[in-house]
Amino acid sequence: MASGGHDEEAGMEMNSPPGNDRSPEDAPGSLTLVGAVSLGTGVMIGAGIFALTGQTARLAGNLFPVAFVVAAVVVAFSAYSYVKLSNAYPSWGGVAKFLREAYGPGVATGVFAILMYVSMVISQSLVARTFGAYVLQIVGLEPVSLWVPIFAVGLLVTAFVVNVAGNRAIEVSQRSMAAVKIVGLGLFAVLGLWLASAANFTNGTTAAGIDTSVQGFLAAVALAILAYKGFTTITNSGGDIVDPHRNTGRAIILALSICTVIYLAIATAVAGNLTLPEILAAEDFSLAEAARPAVGSAGVWFTVILAIVATASGVMASVFASSRLLTMLTRMNQVPHRHFGMPGTVRIHATVYTVAFAMALAATLDLSRIAALGAIYYLIMDIAIHWGLLTRLRTRIDFNPAIVVIAIVLDVVVLAAFVWVRASTDMLSLYVAGAGIVLIVVGERVLMRSHTRPDGTMGM
């Protein structure tokens, strides 16, 4: 169903054999280990601590810093599967490649890969809106409901320009921004912890009207997992990384370790400088408010600038990874493709579609609803990755089945708790999530019929 391109290069790309997961603009060895780690931390830190602190506090109360720690444990088990798969199948397709190896061409691979793609675009929208929320803390434009999406769309346009410039531009931007973020957040954490008030850690839950429960805490863990899922960005760059069979897995482990330490320190600093009602009142920009009691308006400016750098970096890195995933799915004939008269390769077109999709979400959905959709889609895809490794790749990859089983159980528990809590607070988000899944499944089944031969085999 994928159409031929207007340019010969794109046409060659579309007709490449299924085992070839390289685009003309891919460059093996162009991404160093440090660059890969920077790419992963760029997505994680941008999407994580700035965008999700207030939302996890709303679900977990004073225990929200613990929710980030528990989420790190859940993701550590999940990351085991991705490290094993990355070492076995380093590629430009990442998750799409892993799913195809496990489930073969067809509906299952397409559905789960598209869920991953959509969750990545949702993450871009989430972070872009967070960028807008922080910018408004220093520019003071009204109304907020208008200017947050305007700034979000502006950031997405910038991310498109950087991504079109190529791998070198991405690595240079991510390295410099990663350094700013890690040093800046380190200073924020040290100062915040130094000036923290012990009383803030234990009061406020009742005053904020939050009835903490096991389900609420696990739902907070599900949201916090979004703060770590950016490590999958690294798998989508496996074909570019130097010595990918070793460095892809190493980059995943290093990026997760760095972010876990930063998240725990920052969440604790926020909890120690604001009461829970204050955190919830500043839900979308809680880090900036946490700096105010410590160092006044100068701290707010410092934190806002840091947030702007972090969220911009996160969006750029996420666009880079998600456009690669969509390109891979296009070459696999798992999604249809049309050029619409645009010049350039399929990768460029995939970047256009990705940014346009993210703009639409950023302009229409609020942060809470965007995060809910992202958590649900990501966890479903994550379970599929583990299940495929456990049941279909057991004879091809050496791994510990017990760790993979634990990863599946943990994902199912936090997903069930999250859906339970959303059902009591925002059924619309569940309806939207369910409708999206139905649309993806039906679309994939219709598309696959066009590739199925009379004997039941697939021409893919």
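Residues are numbered from 1 along each chain as its sequence is written, and side-chain values use heavy atoms, with hydrogens and water left out. Because the model is predicted, local features need pLDDT of at least 70 and side-chain atom pairs count only at pLDDT 80 or more, whereas totals for chains, interfaces and linings use all residues.

The largest pocket has a volume of about 700 Å³. A pocket is here an open set of points, on a 1 Å grid over the protein atoms alone, where a 1.4 Å probe fits and which has protein on both sides within 12 Å along at least five of seven lines; lining residues have an atom within 4 Å of a point. The volume is the space filled by probe spheres set on the points, which are joined across faces, edges and corners. The lining comprises 29 residues, of which I114, Y117, V118, F357 and I440 lie nearest the centre of the pocket. Two or more lining residues come from each of α6 (107-139), α13 (286-331), α14 (346-364), α15 (367-392) and α17 (427-449), with α17 giving the most, 10 residues. Helices are DSSP runs (H or I, at least four residues) numbered from the N terminus. By class, the lining divides into 22 nonpolar, five polar and two charged residues, where Ala, Val, Leu, Ile, Met, Phe, Trp, Tyr, Cys and Pro count as nonpolar, Asp, Glu, Lys and Arg as charged, and the others, Gly among them, as polar.

The axes of α15 and α16 (residues 401-425) come within 9 Å and cross at roughly 155°, the axes being lines fitted to C-alpha atoms over the stretch in contact and the angles running from 0 to 180 degrees between N-to-C directions. That angle makes α15 roughly antiparallel to α16 (over 145 degrees). The contact of α15 with α16 has 18 nonpolar, two polar and four charged residues.

Most residues other than glycine have a negative phi, and most peptide bonds are trans. A cis peptide bond, with omega of about -5°, joins E142 and P143, and P143 is found in the loop between α6 and α7 (144-164). D243, in the loop between α10 (232-235) and α11 (244-273), has a positive phi of about 50° although it is not a glycine; D243 is partly exposed, with a relative accessible area of 35%. N333, which lies in the loop between α13 and α14, is likewise not a glycine and has a positive phi of about 65°, but N333 counts as buried at 17% relative accessibility (buried means under 20%, exposed over 50% and partly exposed in between, with a 1.4 Å probe and protein chains only).

Note on methods: Angles under 35 degrees count as roughly parallel, over 145 as roughly antiparallel, 65 to 115 as roughly perpendicular and the rest as oblique.
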